[in-house]
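Student: Could you walk me through this model before I set anything up with it?

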Amino acid sequence: RRAGAAAAAAAEMAGDGSDGRDTAARPKCVVYFCALEAACLGGGVPALKVELARLAAVRAAEEGCSEAAAARAIVLEARGDEDGQTALHMMARKWSQDGESPCGRLDRMRCLLEAAGGDAARLATLRPAYRDQRRGTTPLYAECLRRPPSAAAVACLLAHGADATATTNMLGKTPRAIVGSGDPPLAALLELAA
């Protein structure tokens with residue numbers, strides 16, 4: 001099933017319409033998001049790196065820029081169709097495989113952050129994604145909503161420029177407020193970063 005999703009995303013990016021959808025009607029940001037999602041769920045970091053390199057080569061050729069600049073733009077622009085979440089939001093929320101070690105998700109998160117630079121950690125959602133979150137949610141905030149949140153993922157996002165004091169969503173809560181007193185080491189990490 002995952003291999004089929006990756007093949008569909010590749011076909012869609014190639015624009016051959018083999019998936020039965022009108023590929024011209026889908027914004028590139030959604031196509032990028034779907035391709036990154038399929039790679040993350042289908043093969044981990046190696047698949048993610050291959051897919052990102054493939055997408056970047058196509059974009060670099062189209063725009064006359066470097067592949068590194070194209071990869072950065074792809075990670076920053078890739079957004080889910082319905083909620084405006086980035087690949088990092090989805091990584092924080094649910095792009096992990098059953099029984100997978102936390103290192104697999106963290107390695108994929110690092111891969112995206114390294115490709116996109118510090119700006120990716122500060123990206124915010126465009127629209128409300130689900131009941132308990134509102135527009136303006138950052139990947140760090142989404143990670144802190146996980147139960148339990150990963151201290152390693154939080155540290156990774158902070159190291160790549162995430163703002164521990166951001167209250168950009170409509171709830172007005174910081175990531176530290178979301179964690180509360182339920183996880184003292186993580187609360188301390190967020191306090192130090194603030």
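Tutor: We can go through the core, a helix pair, the cysteines and a loop residue in turn.

Student: What should I keep in mind about where the values come from?
Tutor: This is a predicted model, in which local features need pLDDT of at least 70 and side-chain atom pairs count only at pLDDT 80 or more, while totals for chains, interfaces and linings use all residues. Residues are numbered from 1 along each chain as its sequence is written, and side-chain values use heavy atoms, with hydrogens and water left out.

Student: Which residues touch the most other members of the largest nonpolar core?
Tutor: Leu 36, Leu 112, Leu 140 and Leu 190 do, in a core of 42 residues; a nonpolar core here is a set of buried Ala, Val, Leu, Ile, Met, Phe, Trp, Tyr and Cys residues joined through side-chain atoms within 4.5 Å. Buried means under 20% relative accessible area, exposed over 50%, and partly exposed in between, with a 1.4 Å probe and protein chains only.

Student: And which helix gives the most to this core?
Tutor: Helix 2 (28-63) is among those that each supply at least two residues, and helix 2 gives the most, with eleven. Helices are DSSP runs (H or I, at least four residues), numbered from the N terminus.

Student: Switching to helix 7, which residues are buried there?
Tutor: Ala 153, Val 154, Cys 156, Leu 157 and Leu 158 are buried, and just after the helix Gly 161 takes a positive phi of about 100°.

Student: At what angle do helix 7 and helix 9 pack?
Tutor: The angle is about 10°, with the axes 10 Å apart, where axes are lines fitted to C-alpha atoms over the stretch in contact and angles run from 0 to 180 degrees between N-to-C directions. That makes helix 7 roughly parallel to helix 9, a label for angles under 35 degrees.

Student: Which residues make the contact?
Tutor: With contact meaning heavy atoms within 4.5 Å, helix 7 uses Ala 151, Val 154, Ala 155 and Leu 158, and helix 9 uses Leu 186, Leu 189, Leu 190 and Ala 193.

Student: How many disulfides are there?
Tutor: The count comes to zero, a disulfide being a pair of cysteine sulfur atoms within 2.5 Å. For Cys 29, the nearest cysteine sulfur, that of Cys 34, is 9.5 Å away.

Student: Why does Cys 29 count as partly exposed, and Cys 156 as buried?
Tutor: Cys 29 is partly exposed because its relative accessibility is 27%, whereas Cys 156 is buried because its value is 7%.

Student: Last one, where does Asp 183 lie?
Tutor: Asp 183 lies in the loop between helix 8 and helix 9, and its C-alpha atom is separated by 8.8 Å from that of Pro 148, 35 residues apart along the chain.

Key: Parallel < 35°, antiparallel > 145°, perpendicular 65-115°, else oblique.
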